[in-house]
Amino acid sequence: MDLLQLQYFREIARCGTMSKAAERLFVSQPTLSGSLSRLEDGLGVALFERRRGRIALTREGREFLSCVETVLDTLGSGIESIQSSAEGADTSLRIATSLPDLLGDALPFLPGDAFLGAGVRQITCENAKVFEYCEKDLVDLGIVRDPPEGALSPSLEFLELDRSDRVLMLSRSHPLASRKSVQLSDLRPYRFVCNHSRDDALFSYLRTRAQLPARIVSECDDDRLEASIVAGSDQLSLLPLANYLKLRGSMPDLPLMTVPLSAPLPPSSIGILRRSGRMLPRQALTLCAGFASFFEKERAKNAELAKNL
């Protein structure tokens, strides 16, 4: 038995369903189910009864929950007291991300006391570096786009927050701009802009699955720079639709457009990267909930904007 099992058990009891508890804790349902099974095996009793998709505490479960609430509340108060009194103690929430603007975009969706006075420390780096920081336990969580195939070790877990179709962005003067649609093979003669905040998995797919050379001549990690390069050259970008819509809103005068792909590419996803078997700090859970609210509103807004493309 360990503290993580107790924290997971308490959240399951509060939510009444595995799916809701997993959503609130930002862990996968298999992770949560496995933790509960190990806890019940260790205690030798069933803590929940399963009823048509919902779960209810057994008599033993109710008794155990009372003890768990007392233990976790006392421990949490003790930790906060020690950290607040420790001179020079760094209690900042540590985040590694390849998406530098995301935290600022999500802040309006967070409660005013989201960080409980602890502050936040953001490390902006390439996608691959986020995995390294999380693997070495140097940050509390990571925010990444499109984990490359094989990048997730057994010690890491990726929880998707949002998914977006990819579009082909090009200059209005590009030779392909007059096409009603293009095939991937049509892209073979052209060069690409590679955005390291998201494109590792994409270019791996283009080269191995689509057999496309995907020659990269420009590399960046900034959407605005990427858009400016594409607008002034014959270089192409395969970016998430959500990113394109944001660029059109912030840089409306650039001569940019999209052309449909005859066969869709794998969608682009954004999610939380965390170490398996580690409970996220309270501030991190609040932040993740803010991200979820932000993306929910963005999806509704982008669905309307996409109608005008």
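Predicted model: local features only at pLDDT ≥ 70, side-chain atom pairs only at ≥ 80, totals over all residues.
Residues are numbered from 1 along each chain as its sequence is written, and side-chain values use heavy atoms, with hydrogens and water left out.

**Overview. The chain and its secondary structure.** The chain comes to 10 helices and 12 strands, where helices (H or I, at least four residues) and strands (E, at least two) are DSSP runs numbered from the N terminus. Along its principal axes the C-alpha trace spans about 70 × 50 × 35 Å. Of the 309 residues, 43% are buried, that is, under 20% relative accessible area with a 1.4 Å probe and protein chains only.

View 1. Five strands form an open sheet with mixed pairing, in the order E4-E3-E5-E12-E6; two strands pair if DSSP finds at least two bridges between them. The edge strands, E4 (120-124) and E6, each pair on one side only, and the twist averages 20 degrees from one strand to the next. Strand E3 (residues 93-97) pairs with E4 in the parallel sense over five bridges, and within these two strands Leu93 stands opposite Val120. Helix H10 (residues 282-306) packs on the sheet, touching E3, E5, E6 and strand E12 (268-275), and its direction makes about 25 degrees with that of E6; angles run from 0 to 180 degrees between N-to-C directions, and axes are lines fitted to C-alpha atoms, for helices over the stretch in contact.

**View 2. The surroundings of Asp146.** Asp146 lies in the loop between strand E5 (141-145) and strand E6 (156-164), and this residue counts as buried because its relative accessibility is 4%. The side chain of Asp146 makes a polar contact with the side chain of Ser268 at 2.9 Å, and also reaches the backbone nitrogen of Ser269 at 2.7 Å. Not counting residues up to four places away in sequence, Asp146 touches Asn127, Arg166, Arg198, Ala201, Pro267, Ser268 and Ser269. A polar contact is a pair of N or O atoms within 3.5 Å; within protein, one must be able to donate a hydrogen and the other to accept it, and residues adjacent in sequence count only if both atoms are side-chain atoms.

**View 3. Helices H8 and H9.** Helix H8 (residues 223-231) and helix H9 (residues 241-250) pack at an angle of about 80 degrees, with their axes 11 Å apart, and H8 and H9 are therefore roughly perpendicular to each other (65 to 115 degrees). The contact (heavy atoms within 4.5 Å) is made by Asp223, Arg224 and Ala227 of H8 and by Asn243, Leu247 and Ser250 of H9.

Technical notes: Buried < 20%, exposed > 50% of the residue type's maximum accessible area, 1.4 Å probe, protein only. Parallel < 35°, antiparallel > 145°, perpendicular 65-115°, else oblique.
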